[in-house]
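This briefing covers a sheet and the helices that go with it. Please have the sequence and the model open while reading.

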Amino acid sequence: MLKSNVAWSTEKDSYNAGKNTAKEAVKDLMQTKVAFLYTSADNNVEEVLKGAKEELGTAPIIGCTSNGGILVPDGYVTSDKGFAGMLAIGDPDTEVGVSGSPKLITARETGRYVAKEAMKKVGTTFSPSYFFMIANPGEEEEYAKGIQDVIGDVPMFGGSAADDDLTGKWKIFTSDKVFSEGVAVAFFYTNKKIANVYTGKYHETVNSGIITEIEGKRTLKEIDGMPAMKQYAEWTGFKTRNLMGDKILTASILKPLGVKTPTGNVILIRHPMAGNSDYSINVGNDLAVNTAVIQMQANLDELIKAPKIVLRELKEKVNDNAAAYLFIHCGGRKIAIGDRIDEVAEYIKEEAGDVPFIMPFTFGEYGRAEHEANNMGGLMLSETAFCK
């Protein structure tokens, strides 16, 4: 039977924070197969990892830095001294191959490399049942393409590394590597069900248009032939002067943009990240010309309640048979929620019951809805259950 534990620490000494967190997380676990580790960008990440390895031995670790804190059954954990949190999973019937690498020649080539290495870790050439991924913000789609070049269309879940101020201080790590730009994966070989619910839980508005020009993959230049920022301002009522630079980053959290998957089952949120002087908008994930973009909307109360609603949907998918939960929650949503994050904690604890869980806050979220391909977005929720 799959079992799990969650532990955390706000000790100032990074080594002790990692060591003591890991010690509690693996207590009474048989055959720890993987440990998800999250820590602050203000911690000495190498020391956190060193301390955790002291307790875990050969059990693989995968993780990244989280924006501002983490949420666990004890509530929201944060500290000006840093923090560490771990979800450890043990199961004699599950094998997990973990691999990570700094970016090689291209993101796609790096994805291929880590996929092959993860399979080697479990001594197989077969594709896993599921895979978990962490990448740096910027090229997540390309890393995922490389992984899927090797293993095919395997369901994924995960989220991008984050820091506290979008200055690139984030870290990704596995048991033997720490880096800021690259990708890490955990391949799950199991007959136990792993289920994911992936959504933004925003509402569509009547405002939509066709993307008529982009630059690169993530700069939205025109919507219906109009400069993108001017069209967005017209839709939302914002003044363009209040959307320049990083002002649009926070202004758009309750009114982001979205693109539908071909089936319409999921609307992938495209978070406006920066407003440019030519009235173009940098967004957090890839775009395509001649596809529709929609102005989405939610209020603060809806952001706070959404993780619990998603968890309820997840429980229905697994018939309330979960032994562990990994909740990936966008850091931008958390920033908007602010001091009301404790309300999110209470909602989640009420719905999760006695099942261990951890919720990091990321700068990009990945998942897969039913009858869909793997997808990526920002301002989203990706909630995963590991069954008994």
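How do the axes of α1 and α2 cross, and within what distance do they come? The two axes come within 6 Å and cross at roughly 35°. The model is predicted: local features need pLDDT of at least 70, side-chain atom pairs count only at pLDDT 80 or more, and totals for chains, interfaces and linings use all residues. Residues are numbered from 1 along each chain as its sequence is written, and side-chain values use heavy atoms, with hydrogens and water left out.

**Terms**
- Helices (H or I, at least four residues) and strands (E, at least two) are DSSP runs, numbered from the N terminus.
- Axes are lines fitted to C-alpha atoms, for helices over the stretch in contact, with angles from 0 to 180 degrees between N-to-C directions.

**Sheet**
- An open sheet of 6 strands has the order β1-β6-β2-β3-β10-β11 and mixed pairing; strands pair if DSSP finds at least two bridges between them.
- β1 (3-9) and β11 (177-179) stand at the edges with a single partner strand each, so one side of each lacks a neighbour in the sheet.
- β1 and β6 (residues 84-90) run antiparallel and are joined by 7 bridges.
- Lysine 3 stands opposite glycine 90 in β6.

**Helices on the sheet**
- Helix α1 (residues 14-25) packs on the sheet, touching β1 and β6 (contact: heavy atoms within 4.5 Å).
- The direction of α1 makes about 155° with that of β1.
- Helix α2 (residues 45-56) lies across β2 (32-39), β3 (61-65), β6, β10 (172-174) and β11, at about 155° to β2.
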